[in-house]
Structures are given as structure tokens and as C-alpha cells.
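I opened this notebook page to record what I looked up, beginning with the charged pairs and ending with the fold as a whole.

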Amino acid sequence: MGAGQRRSGAAMVELAFVIIIFLMILLGIAEFGAAFMVNQAMVSAARECARTAAVTEDPDELPFRAEAAAQGRLVSAGIRDGEVDVVVGQGRNANIQCTVIVNHKMITGVDQWFGNLNMEFRRMSAMRSEN
């Protein structure tokens with residue numbers, strides 16, 4: 001075995017290590033981007049929920065309309081398993097609190113190797129009703 005073949009084998013081993021590290025960084029960037037997108041969609045859904053609840057005049061329809069508005073925002077972002085909770089205070093100028101919860105499943109499938117790495121995101125928005 002000549003010196004040229006040993007150098008070629010060493011280069012292949014080094015390339016294997018570099019590719020693994022590069023792929024880990026690339027998958028990390030993809031996961032971070034997906035988690036950031038989920039977070040932004042949840043903030044938007046919670047804000048829309050509270051806004052819809054604040055402008056809805058019928059108190060009986062208020063929780064349903066607010067939840068539908070938040071679910072609509074989540075679905076438009078591709079999130080189908082979001083949970084929305086609407087809490088309405090009593091009386092005039094009551095506080096309205098909307099909580100949006102999403103269990104984010106990792107998009108790259110890395111959780112198959114490292115176990116359950118799903119994350120739960122929870123966002124809340126509150127407004128005072130003027131009705």
C-alpha cells in the first residue's frame with residue numbers, strides 16, 4: 001500500500017466527519033426555522049383570537065368566534081393540531097384571555113434517532129372588551 005492510497009483513505013475519513021457535522025448544522029437550521037415559524041403563527045393566532053373576542057358583541061358567540069379566528073390563523077400556517085383556549089371575564093369591560101398551545105413535532109425526523117424531542121409552545125394574548 002503506497003503513501004498516495006493512505007492519504008486518499010485519510011481524506012475520505014475526514015470528509016465523512018465534515019459531512020456529518022455539516023448535516024447536523026443544516027438540520028439544526030431547518031428545525032430552528034420551523035420552530036420560529038410555528039412561534040410566529042401562534043403569536044398571530046393569539047392576537048387574532050383576542051382581537052376577534054374584543055370586537056364580538058354577542059357574549060354567547062364570543063368564545064366560538066375567537067377560537068375559530070385563532071384556528072383559522074393556525075391552519076393558514078399549516079398547523080392543524082393547535083389547541084385554543086378562550087377565557088372571558090364577567091361584566092362590562094371584561095378581560096379576554098386567549099391561549100394558543102401547539103405541540104411542535106420536529107420536521108427533519110431527528111427525533112427518531114434521539115427519542116421524543118417534540119416541543120410544546122404556549123402563547124397568550126389578552127385584551128379588554130369594550131362591549
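**Charged pairs and their surroundings**

I began with Glu-61, which at 32% relative accessibility counts as partly exposed, and I kept in mind that the model is a predicted one. I found its side chain meeting that of Arg-65 in a salt bridge, with 2.8 Å from N to O. Arg-65 is likewise recorded as partly exposed, at 44% relative accessibility.

I then noted that salt bridges with shared partners join Glu-48, Arg-51 and Arg-73 into one network. My search of the whole structure returned 3 salt bridges.

**Helix α2**

I checked the length of α2 (residues 62-76): at 1.5 Å a residue its 15 residues should span 21 Å, and the end C-alpha atoms are 21 Å apart, in agreement. Where do its buried residues fall when seen down the axis? They lie within an arc of 135°, so they line one face of the helix. The buried residues of α2 are Leu-62, Ala-66, Ala-69, Ala-70 and Leu-74, whereas Phe-64 and Ser-76 are exposed on the other side. After α2 I came to Gly-78, whose phi is positive, near 90°.

I looked up Met-12, which is found in helix α1 (residues 3-55) and counts as exposed at 55% relative accessibility. With Leu-15, Ile-19, Phe-22, Leu-23 and Leu-26, Met-12 forms a nonpolar surface patch, whose accessible area together is about 590 Å².

**Whole protein**

I counted 3 helices and 3 strands, running α-α-β-β-α-β from the N terminus on. Of the 131 residues, 31% are buried, and the accessible surface comes to about 8800 Å², with 60% of it belonging to carbon and sulfur atoms. Among contacts between residues at least 6 apart in sequence, 58% join residues at least 24 apart.

Definitions and conventions: Residues numbered from 1 in each chain as written. Predicted model: local features only at pLDDT ≥ 70, side-chain atom pairs only at ≥ 80, totals over all residues. Heavy atoms only, no water. Patch = residues over 30% accessible without salt bridge, like charges linked within 9 Å, V, L, I, M, F, W, Y side chains within 5 Å. Areas by Shrake-Rupley, 256 points an atom, 1.4 Å probe, with all protein chains shown as cover. Salt bridge = Lys/Arg side-chain N within 4 Å of Asp/Glu carboxyl O. Helix = DSSP H or I, 4+ residues; strand = E, 2+ residues; numbered from the N terminus. Buried < 20%, exposed > 50% of the residue type's maximum accessible area, 1.4 Å probe, protein only. Expected span 1.5 Å × (residues − 1). Arc of directions from axis to C-beta. Contact = heavy atoms within 4.5 Å.
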